[in-house]
Amino acid sequence: MCEPISTGILSGLNVFSGLNSGLQQERAAREAAKQSAEMAANDAALKRQQAQNEIAKGVEERSRHMRAGLLAQGEARNDLAAGGFALDSGSNLSLLADSAEEIQHGASRINQNAAQNAWQYLAGAAGDDNRQIQYQNQAARASDGRLGLLLDTASKTANSLAEINKGLRPKDKT
């Protein structure tokens, strides 16, 4: 009579142990996925900040380039005027116009480089955003496994109880 009960108790303990182990594994998987998602989000934020820094550096570099170019152009104009050259026509005017064009071209090149550098960081941030979503999905799937684990445990418990009931039933004397 005690044997079916002890078998049932052992079965119940095994089921409980399996359930506890499964829940711990699920919790660990979910936490690992959540931490990975946070790291991906932080990486994306860092890359966005780096992109903004690249744009700011480009704006500053462009400003320095423009100031230096305009200063050089002003000095050239003063030197030409001091030498008695006419600045309103001819090759001197053409020289000053070419100088202004070169300054603008340099400024455009600086803008393009800054935009390209920023784009590279933004592309990396988009990849990190995708990784974050994948990790969030992994965390959700780890939680979804709980229903299957509970159903499996309930089934094992029901089977164990059925075995116990078989052992406790009086034997037919016929």
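The structure is a predicted model, in which local features need pLDDT of at least 70 and side-chain atom pairs count only at pLDDT 80 or more, whereas totals for chains, interfaces and linings use all residues. Residues are numbered from 1 along each chain as its sequence is written, and side-chain values use heavy atoms, with hydrogens and water left out.

**View 1. Surface and fold of the chain.** The secondary structure consists of 2 helices and 0 strands; helices (H or I, at least four residues) and strands (E, at least two) are DSSP runs, numbered from the N terminus. Of the 174 residues, 19% are buried, that is, under 20% relative accessible area, with exposed meaning over 50% and partly exposed in between (1.4 Å probe, protein chains only). Contacts are heavy atoms within 4.5 Å; of those between residues at least 6 apart in sequence, 87% join residues at least 24 apart.

View 2. Leu23 belongs to helix α1, which covers residues 2–82. Its relative accessible area is 24%, so Leu23 is partly exposed. A distance of 9.7 Å separates the C-alpha atoms of Leu23 and Ala142, which are 119 residues apart along the chain.

**View 3. Surroundings of Gln73.** Helix α1 also contains Gln73. This residue counts as buried because its relative accessibility is 13%. Beyond its neighbours within four places in sequence, Gln73 contacts Leu96, Ser99, Ala100 and Ile103.
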